[in-house]
Amino acid sequence: MISDRHSLSRRKLVTNLGAGLTGAALTGALPAAEAQTGGDSAAPFVDPTSKYPKPPYPGQSQPWPGLASKMNPRPDHGETSYKGSGRLAGRKALITGGDSGMGRAAAIAYAREGADVAISYYPTEEPDAAEVIKLIKAEGRKAIPIPGDLREESYCKELVGKAVESLGGLDIVVSNAGRQQQCEDILQLTSEAFDATMKTNIYAPFWIIKAAVPHLRPGSCIIGTTSEQAYDPSANLYDYAQTKAATMNYVKSLAKQLGPKGIRVNGVAPGPIWTPLQVSGGATQDHLIHFGQKYPLGRAGQPAELASIYVQLAANDASYTTGNIYGAGGGNGQP
């Protein structure tokens, strides 16, 4: 029989571990009604159901791939809230899709944790990318913008080469960029559209990781962005959901292959997160307006709420974490 003292110790340990993962992303810039403190030095105590805007959201659409800067409400990527503590000091990171969404949140967090960062993005996303580059430089870190089309193998190879040359090496690869275009009828899904999704979400990570591995030394890591769609696919995301299931599996497979080399591979599985994917063809207008409403937290998540996960998976103190998928599903997602 387990003693009460042992049970209390285990609960305290679990509580401390959870706080370490999420604490970095909490913000002090919250309405007084939403934050409570137990003293002048206490971290904000925040109700997650009211931390960010709740649906209904304004109906809106943009041409693919969309810009975060034109969304209403504008997503929070941690621009003013994320506070670093040197956990990634001296690291060199390449993040695809670093202009917006989870990629942007990771780029900001990495820079504030002491890493130099190169980001890839589609050329039309330059306005968003410019904001990210400015934020990285404000932390005194190297910020390398590398625009291009991930559907092209030549660009993916050049991306890694430019990142290695500009950063002076590479030890974190975040394969985050993704294409999501909803289609409610498979009979209307063209081979061209299907191919574009596969090239962006499956081929590009393959090309990038293959080019990056020779540069990764023991202690380096690869992080893929999968989705709740890997576990519970929506009817109108037939092609996208397949790619996210594949991402989950390449993370687990590659972790076994690269583990003996001392290279860790993990994934992040978001639920409904407020990013340009949704407003640029990734969701119907009805789904967009009510995005996340049926989830236990009653709202869509914000990219900033995943930043600390990307940091944790890249940090040295996660050295025994590989082949795992970290979820942020608002209560409905897996794992």
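Both faces of strand 4 are covered in this predicted model. On one side sit D116, A118 and S120, on the other V117, I119 and Y121, and all of them are buried. Buried here means under 20% relative accessible area, while exposed means over 50% and partly exposed lies in between, with a 1.4 Å probe and protein chains only. Six of the six residues of strand 4 (residues 116–121) are buried, so the strand is largely enclosed by the rest of the structure.

A word on how to read the numbers. Residues are numbered from 1 along each chain as its sequence is written, and side-chain values use heavy atoms, with hydrogens and water left out. Because the model is predicted, local features need pLDDT of at least 70 and side-chain atom pairs count only at pLDDT 80 or more, whereas totals for chains, interfaces and linings use all residues.

**The chain as a whole**

The protein chain has nine helices and nine strands; these are DSSP runs numbered from the N terminus, with helices being H or I of at least four residues and strands being E of at least two. Of its 335 residues, 51% count as buried. The chain exposes about 15500 Å², and carbon and sulfur atoms supply 54% of that area; the areas come from the Shrake-Rupley method with a 1.4 Å probe, and for residues only the protein chains shown count as cover. Among contacts between residues at least 6 apart in sequence, 77% join residues at least 24 apart, where contact means heavy atoms within 4.5 Å.

**The sheet**

Which strands form the open sheet, and in what order? Seven strands do, in the order 5-4-3-6-7-8-9, and the pairing is parallel. Two strands pair if DSSP finds at least two bridges between them. Strand 5 (143–147) and strand 9 (325–328) stand at the edges with a single partner strand each, so one side of each is left without a neighbour in the sheet. On average, neighbouring strands of this sheet are turned by 15 degrees against each other, direction ignored. Such angles are taken between axes, which are lines fitted to C-alpha atoms (for helices over the stretch in contact), and run from 0 to 180 degrees between N-to-C directions.

| Strand pair | Sense | Bridges |
|---|---|---|
| Strand 3 (residues 92–96) and strand 4 | parallel | five bridges |
| Strand 6 and strand 7 | parallel | four bridges |
| Strand 7 (residues 221–225) and strand 8 (residues 264–270) | parallel | five bridges |

To find these pairings in the viewer, start from a few residues. T96 has S120 of strand 4 as its bridge partner, S175 stands opposite G224 in strand 7, and C221 stands opposite R264 in strand 8.

Is strand 7 buried or exposed? Five of the five residues of strand 7 are buried, so this strand is largely enclosed by the rest of the structure. C221, I223 and T225 lie on one side of strand 7, and I222 and G224 on the other.

**Helices across the sheet**

Helix 6 (residues 238–258) lies across strand 6 (172–175), strand 7, strand 8 and strand 9, and runs at about 160 degrees to strand 8. Helix 9 also lies across strand 6, strand 7, strand 8 and strand 9, running at about 170 degrees to strand 8. Eight of the eight residues of helix 9 (residues 307–314) are buried, so helix 9 is largely enclosed by the rest of the structure.

**Helix 4 meets helix 5**

The axes of helix 4 (residues 153–167) and helix 5 (residues 191–212) come within 9 Å and cross at roughly 35 degrees. The contact is made by E153, C156, L159 and V160 of helix 4, together with A204, W207, I208, A211 and A212 of helix 5.

Helix 5 also holds K199, which counts as partly exposed at 22% relative accessibility. Leaving aside residues up to four places away in sequence, K199 touches L150, R151, A204 and W207. K199 and T243 are 44 residues apart in sequence and 9.8 Å apart in space, C-alpha to C-alpha.

Most peptide bonds are trans. P56 lies in the loop between strand 2 (45–46) and strand 3, and P73 is found in the loop between strand 2 and strand 3.
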